[in-house]
Amino acid sequence: MKPCVLDDWIARECGGPESLPLPVRVRAAQMRLLRRTLAHAAAHSRYYQKTLAGRDLRIDSLEELARLPFTTVDDLRRWQDFLCISQGDVRRVVTLQTSGSTGQPKRLAFSEHDLRRTIAFFAVGMTQLVGPGQSLLVLLPGADRPDGVTDLLRQALSPADVRVEGGNPAATPASLRADFERVRPDTVIGGPEQLEALLRAAADDSVLHAAACRLRGALSSGGVFRPELQERIAATFSCLTLDHYGLTESGFGGGVQCPAREGRHLRELDCLVEIVDPVTGDPLPEGRVGELVLTTLQREAMPLIRYRTGDAASLLPGPCACGSPLHRLGPVPGRYVREGDDVVLRAVPKGAGL
């Protein structure tokens, strides 16, 4: 089995002596990018000017990073305090409703540079599923907005002669048949809800079933892709099925499975991931399930430092069965929520986005 396609991309970008092991080179690059991110945020973000004031930002390890304060969902509602560029240089603002303590929406801003980083990740990661002369159907809710996921995928894959088309995320039997007849996709991207709807609709529609059996691959994104559903889709349509984890906060792309399907390979030079105890906030070792904390690297408009996602996950130690020596993100069984003085883990509802 070939190593994950992300490894070559990451190796080229992180630099360093090729004689050193890739994990060593990646960690050194992450620390360089982290120090640059901290300096950028402390100089230009009103929020981080306050929270990082007086702190030593010459960080060389995750242990030192863990001394910095967390950023929370509630903090993001004051999104303009996070901006590190002028509003005129913001390319896209995404507003998300949340169930946080205030119920107010949070907003994420992206520059042209930030979106280009995501486009680069999509261009590499999607080579596992779609190639030149083929077509991709995107069924994700909200993906067809300008500079949304469909548009970013189109920008990423059009240079490789891949046709990217948006479909109806309602994924009714009629809309699925119409989308498959119109696009004749080689690969489909949807949330677990859309992919399960495709499975049910194809069972009752021989024409749709035949079209789905021509699929080369299916990618799930935006929810918990249950292993049994992933296996059923792979077996029914005889295609490669992979799972992707990403948040708007991570720039839409986060981590994606390789064909070995032993966890998701991460955007190591864009997303620095920690796993912490959801109650104490203390770092947890690889293999332990805790709360995923995200620090964005190379983010220009609105960098996030130690952002508590609320998602439960673990980091799996390398190597992967594909040969990659880098750690991977394990299953995401749910979210941590506060109930009074307690923190409890709740399963993510079927069809809910991550």
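Me: What makes the order of the strands in the open sheet, and how many strands form it?

Reply: Nine strands form the open sheet, in the order 4-3-5-6-7-8-9-14-13, with mixed pairing. Two strands pair if DSSP finds at least two bridges between them. Strands (E, at least two residues) and helices (H or I, at least four) are DSSP runs, numbered from the N terminus. The model is predicted: local features need pLDDT of at least 70, side-chain atom pairs count only at pLDDT 80 or more, and totals for chains, interfaces and linings use all residues. Residues are numbered from 1 along each chain as its sequence is written, and side-chain values use heavy atoms, with hydrogens and water left out.

Me: Why are strand 4 and strand 13 called edge strands?

Reply: Strand 4 (163-166) and strand 13 (315-316) each pair on one side only.

Me: How do you know that helix 7 packs on the sheet?

Reply: Helix 7 (residues 173-183) touches strand 3 (135-138) and strand 4. Contact means heavy atoms within 4.5 Å. The direction of helix 7 makes about 155 degrees with that of strand 3. Axes here are lines fitted to C-alpha atoms, for helices over the stretch in contact, and angles run from 0 to 180 degrees between N-to-C directions.

Me: What makes strand 6 and strand 7 a pair?

Reply: Five bridges join strand 6 (residues 217-221) to strand 7 (residues 240-245), and the rule asks for at least two. The two strands run parallel. Leu219 stands opposite Leu242 in strand 7.

Me: Which strands pair with strand 11?

Reply: Strand 10 (residues 271-276) pairs with strand 11 in the antiparallel sense over six bridges. Leu272 stands opposite Thr295 in strand 11. Strand 12 (residues 307-313) is joined to strand 11 by four bridges, also antiparallel. There, the bridge partner of Gly290 is Ala313.

Me: Why is strand 11 called largely enclosed?

Reply: Seven of the seven residues of strand 11 (residues 290-296) are buried, so the rest of the structure largely encloses it. Buried means under 20% relative accessible area, exposed over 50%, partly exposed in between (1.4 Å probe, protein chains only).

Me: Why is the pair of Tyr47 and Phe82 called stacked?

Reply: Rings of Phe, Tyr and Trp (its six-membered ring) pair if their centres lie within 6.5 Å; planes under 30 degrees apart count as stacked, over 60 as edge-to-face and the rest as tilted. By this rule the count comes to six aromatic pairs. Tyr47 and Phe82 have ring centres 4.4 Å apart and planes at 20 degrees, so the pair is stacked. Tyr47 lies in helix 3 (residues 46-51) and Phe82 in the loop between helix 4 (62-65) and strand 1 (92-96), so the pair ties together parts that are 35 residues apart in sequence.

Me: Are Tyr47 and Phe82 buried or exposed?

Reply: Tyr47 has a relative accessible area of 11%, so Tyr47 is buried. Phe82, at 0%, counts as buried.

Me: What makes the pair of Phe121 and Phe122 tilted?

Reply: Their centres are 6.0 Å apart, with 45 degrees between the planes. That angle falls in the tilted class. Phe121 is buried at 2%, and Phe122 at 8%. Ring pairs link Trp9, Phe121 and Phe122 into a cluster.

Me: How do you know that Arg308 lies over the face of Phe70?

Reply: A charge sits over a ring if NZ of Lys or CZ of Arg is within 6 Å of the ring centre and within 35 degrees of the ring normal. Arg308 lies over the face of Phe70 at 4.5 Å from the ring centre.
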